[in-house]
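I open this notebook to record what I looked up on helix packing and pockets. The entries follow in the order I made them.

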Amino acid sequence: MTHADLSLMPVLFVPHGGGPLPLLNDANHQELRAFLSSVALKIPTPKAIVLITAHWEEAQVTLSSHSHPGMLFDYYGFPPEAYKLSYPAPGEPQLTEEIARLLKASGIAVKLDNQRAFDHGTFVPLKLMYPEANIPVVQMSLVQHLDPKTHIAIGEALASLREQRILIVGSGMSFHNMRAFFSQDPKVLHRSAEFDHWLTESLTEGNVDTMARLIEWQSAPEARFSHPREEHLLPLHVCFGAAHRKTIHATRNFNGVLLNTLISGYIWQ
């Protein structure tokens with residue numbers, strides 16, 4: 001059994017939903033909105049947040065370094081209010097530099113981007129989790145080759161941040177198939193549940209090799225149905241990498257139905 005280490009910040013993987021819909025009171029997102037609005041109340045207040053977003057890919061790990069990032073409305077076709085949202089949390093250039101040093105020390109190439117704004121993978125969950133926008137945020141990209149081992153290694157390089165009261169958040173989706181979200185096929189929920197069960201078992205059960213499973217995730221039941229492209233899953237790999245040396249197993253802290261699919265969130269603490 002894994003016991004909480006109160007000297008370490010937890011690590012969170014959160015589903016961020018469809019575009020800005022969790023912030024627009026969309027009926028399909030009420031469960032997710034309630035979860036995101038309450039999850040931060042159950043953990044210590046962080047000194048800063050490092051958020052790995054599914055909506056930013058670069059040739060190498062890239063970190064936002066502006067002291068006051070703007071807003072990137074990287075979606076289309078939504079009501080006008082979706083383009084007036086704000087999340088004025090500060091950046092933290094000093095932390096960005098520290099993260100870059102940690103990555104380089106692990107042999108991971110990294111660059112800084114002082115122009116990158118907060119995309120919706122960042123501002124949608126954080127606006128619900130920390131609505132005061134008073135905690136500094138460093139946004140981190142995925143690496144565009146989408147290699148699972150690489151993303152676990154990125155997380156491992158970040159692990160020491162947990163000892164500094166820094167919250168590591170992976171923002172993606174445990175299920176992300178756009179066609180399935182809008183399908184009328186009654187089998188979709190069952191198929192998404194097959195992958196969800198595998199993922200939850202892989203992360204939470206003591207009798208499985210979590211790392212091996214995550215590296216070979218494409219072998220899971222309904223893997224490619226659940227993730228035709230894996231950019232929304234890989235923030236979870238970074239979270240696992242950051243957590244597993246001190247917190248072997250995660251707990252599922254959210255499980256709900258979104259657009260006729262089963263989605264989950266996880267915490268390592």
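At what angle do helix α1 (residues 30-39) and helix α3 (residues 120-129) pack, and how far apart are their axes? I found an angle of about 65°, with the axes 6 Å apart. I note that the model is a predicted one.

I then listed the residues that make this contact. From α1 they are R33, L36, S37 and V39, and from α3 they are P125, L128 and M129. By class, I count five nonpolar, one polar and one charged residues in the contact of α1 with α3.

Next entry: α2 and α4. I looked up helix α2 (residues 93-105) against helix α4 (residues 148-158), and their axes come within 9 Å and cross at roughly 120°. An angle over 145 would count as roughly antiparallel, and 65 to 115 as roughly perpendicular; α2 and α4 are therefore oblique to each other. I logged the crossing of α2 past α4 as right-handed. On the α2 side the contact is made by I99, L102 and L103, and on the α4 side by I154, A157 and L158. I sorted the contact of α2 with α4 by class and got six nonpolar residues, with no polar and no charged ones.

I stayed with α4 and turned to its packing on helix α9 (residues 234-243). Here the angle is about 45° and the axes of α4 and α9 lie 6 Å apart. That angle makes α4 oblique to α9. I logged this crossing, too, as right-handed. For the contact, I wrote down P148, H151, I152, I154, G155, E156 and L158 from α4, and L234, H237, V238, F240, G241 and A242 from α9. The classes in the contact of α4 with α9 are eight nonpolar, four polar and one charged residues.

What is the volume of the largest pocket? I have it at about 470 Å³. I read off 22 lining residues for the largest pocket, and those closest to its centre are G18, G19, F78, H176 and M178.

Methods:
Residues numbered from 1 in each chain as written. Predicted model: local features only at pLDDT ≥ 70, side-chain atom pairs only at ≥ 80, totals over all residues. Heavy atoms only, no water. Axes fitted to C-alpha atoms, helices over the stretch in contact; angles between N-to-C directions. Helix = DSSP H or I, 4+ residues; strand = E, 2+ residues; numbered from the N terminus. Parallel < 35°, antiparallel > 145°, perpendicular 65-115°, else oblique. Left-handed = near helix turned anticlockwise from the far one by under 90°. Contact = heavy atoms within 4.5 Å. Nonpolar A, V, L, I, M, F, W, Y, C, P; charged D, E, K, R; others polar. 1 Å grid on protein atoms, 1.4 Å probe; cavity = no way out; pocket = protein on both sides within 12 Å on 5 of 7 lines; lining within 4 Å. Points joined across faces, edges and corners; volume = space filled by probe spheres on them.
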